[in-house]
Amino acid sequence: MSIVLHGVAVGAGMAIGRVHLVLRGMDDIPHLELSDEDAVKAEIMRYEQAIKGTRRQLEQLRIAIPENAPTELGAFISLHLMLLSDATLSREPIDIIQSQHVNAEWALKQQTDKLSEQFDAIEDDYLRVRKQDMLQVVERIFKNLNGLTTEVVTETDDFGEDTILVAHDLSPADTIFFKDSRIAAFVTDAGGPTSHTAILGRGLDIPSVISLGYARELLNEDELIIVDGSSGVLIIAPNEVILAEYRRRIRKFRSHRRQLNKLKHTSATTLDGMNIELMANIESVADIKSLHKLSADGVGLFRSEFSYINCDDLPTEEALFALYSDVIKKLKGKLLTIRTVDLGVDKNPRWFGQSQALNPALGLTGIRLCLAEPIMFRTQMRAILRAAALGPVRMMWPMIASVAEIQQCLMHLNTAKQQLRERFEVFNEDISVGAMIEIPSAALSINAILKWVDFVSIGTNDLIQYTLAVDRSDEGVSYLYQPSHPAVLKLLQHIVRTATRLNKSVSVCGEMAGDEQYTRLLLGMGLRCLSMNPNNLLLVKNRIIQSDTLTLETEAQKILRQEDPDKVLKLIKRLNATNEVVEINN
Ligand code: PEP
Ligand code: MG
């Protein structure tokens, strides 16, 4: 009988392949009692060797980071090295071996259970997720105790093309090296939607599902499984009917992709000749490659947080300037929109400490944190201003709730410019500045906000969360997270109409922009610029080139008059199924 497991969809596409269990679980750890002091000494030495070996591997890994890897990968490996050096892993298991006369594996297992409980008790989401980092380090120590190589990476060469890696969790380092490997898919038991693995995994082009819970328990080496990275499903022991269906889906997916690839150089122009700007959301220099490959018009959102998280200190102006200069050089004249750092909810730097707030998403986050840390804010502003002298760069402020916040941002911008003048630095005096509209109060004050900024970009991820009071990262309420809720659509319409009337540039950079089912609705509302994960760009373009904005305007108005969310969904479906849409894969 086939078993279907549901997890979090991370990578698009599907694969049929054979299981390779990458990392061992903790349930089959032997518990041995050591007979005498000599045995204890030998066991302690074995543990110390395992720690040394693990450190050596992590250091080697740090040196071997591929050029195209995201800049944050080095920081993740440093975090693992730091965890390894902590007494909780480097010393306390030795104390257990000594006091209980047990084997190193059993001591480490006990210590891991204790640490896991401590992590689980942490209220802060971001810190709790770091448990996975601790477990990844522990997995490495285990493997070293067993004399096994811990590098998934070095093993990949021997994998067949139908190998599906199944792990309790994979470290970011492992996932990043998959970029060049030939594996068919990867799945993990752990990893929430905001874990490092998920953040990095999304940018990879391998079918993958994470957060499956107990997949490892249910799977055997070499067993045949199906991974559906588009819907977040893993199918164990598929029967012939299911296999045939998935073979058909995979063929269709591939042929769809081939057809979509032909659109790379087609301009995103609607049937009635309206040009739509398609921009990319990026998080690192590495993402620029796919931006060029897919001919995106530029960067509509550069999430700059990764220079700040997992570091002990704030990045310097020079470090940020070097990074932004590199991005500008690689963009070859395309527009770069740098969002100033958006920290405080799930992305917390270590120096910021653990958030004590009961509702961090309503606390000191986004622009509020920047305004509370003016030195940090102006340091980043100076780096952006200097970079803006090297190419087309805009500065964008996150989580704006009021005009007063924009006025404060402008004040800091003036101070930052003055500081650069005093240092005789070259910078762009006339840099364009914009606000992210992702809080309902900002959406409703858009008229006033637009008097102070050159452009706005709608962050639908947060706008939906705050409008509907639904935590965007809480799986338990995900069924209430509805981009098509009439209240959300009304806010979108208000923003777009006001910006268009005032002749100011407006775009969407939340996930809604990259979800092809909303493309036509957004066009109908008057949006002409969408910024998204580059992987979605061709799907959205495919919709655009088969749409007529004049028809869509009328249809969008019908949808906007609708008060019932279910009817809205039906109308959106109908909008996507009208005659002029010729699906490219049909
Ligand atoms: C958003 O909120 O829609 C957005 C693009 O910002 P982030 O997802 O980084 O919060
Ligand atoms: Mg946001």
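Tutor: Let's start with the crossing of H1 and H7, which is right-handed. Keep in mind as you look that this is a predicted model. Two packed helices are described by the angle between their axes and by the distance between those axes. For helix H1 (residues 37-63) and helix H7 (residues 131-145), the angle is about 120° and the axes are 8 Å apart. An angle like that makes H1 oblique to H7.

Now find the residues that touch. On the H1 side they are Arg46, Tyr47, Ala50, Ile51, Gly53, Thr54, Gln57, Leu58 and Leu61, and on the H7 side they are Arg140, Ile141, Asn144 and Leu145. Sorted by class, this contact of H1 with H7 has 7 nonpolar, 4 polar and 2 charged residues.

H7 has another partner to look at. Helix H5 (residues 104-120) packs with H7 at an angle of about 175°, and their axes lie 11 Å apart. H5 and H7 are therefore roughly antiparallel to each other. From H5, the residues Ala104, Glu105, Leu108, Lys109, Thr112, Leu115, Ser116, Phe119 and Asp120 meet Lys131, Met134, Leu135, Val138, Ile141, Phe142 and Leu145 of H7. This contact of H5 with H7 divides into 10 nonpolar, 2 polar and 4 charged residues.

The crossing of H24 and H25 is right-handed. Here Leu552, Glu555, Lys558 and Ile559 of H24 meet Val568, Leu571, Ile572 and Leu575 of H25. By class, the contact of H24 with H25 has 6 nonpolar residues, no polar ones and 2 charged ones.

Finally, turn to the ligand. Ligand 1 has 13 residues around it, and those that come nearest are Arg303, Glu438, Gly459, Asn461 and Arg472. For Asn461, a polar backbone atom is 2.8 Å from an oxygen atom of ligand 1. Thr460 also has a polar backbone atom 3.1 Å from an oxygen atom of the ligand. With Arg339, the side chain takes part: one of its N or O atoms is 3.0 Å from an oxygen atom of ligand 1.

Notes
Residues numbered from 1 in each chain as written. Chains lettered and ligands numbered in written order. Predicted model: local features only at pLDDT ≥ 70, side-chain atom pairs only at ≥ 80, totals over all residues. Heavy atoms only, no water. Axes fitted to C-alpha atoms, helices over the stretch in contact; angles between N-to-C directions. Helix = DSSP H or I, 4+ residues; strand = E, 2+ residues; numbered from the N terminus. Parallel < 35°, antiparallel > 145°, perpendicular 65-115°, else oblique. Left-handed = near helix turned anticlockwise from the far one by under 90°. Contact = heavy atoms within 4.5 Å. Nonpolar A, V, L, I, M, F, W, Y, C, P; charged D, E, K, R; others polar. Near = heavy atom within 4 Å. Polar contact = N/O pair within 3.5 Å; in protein donor to acceptor, adjacent residues only side chain to side chain.
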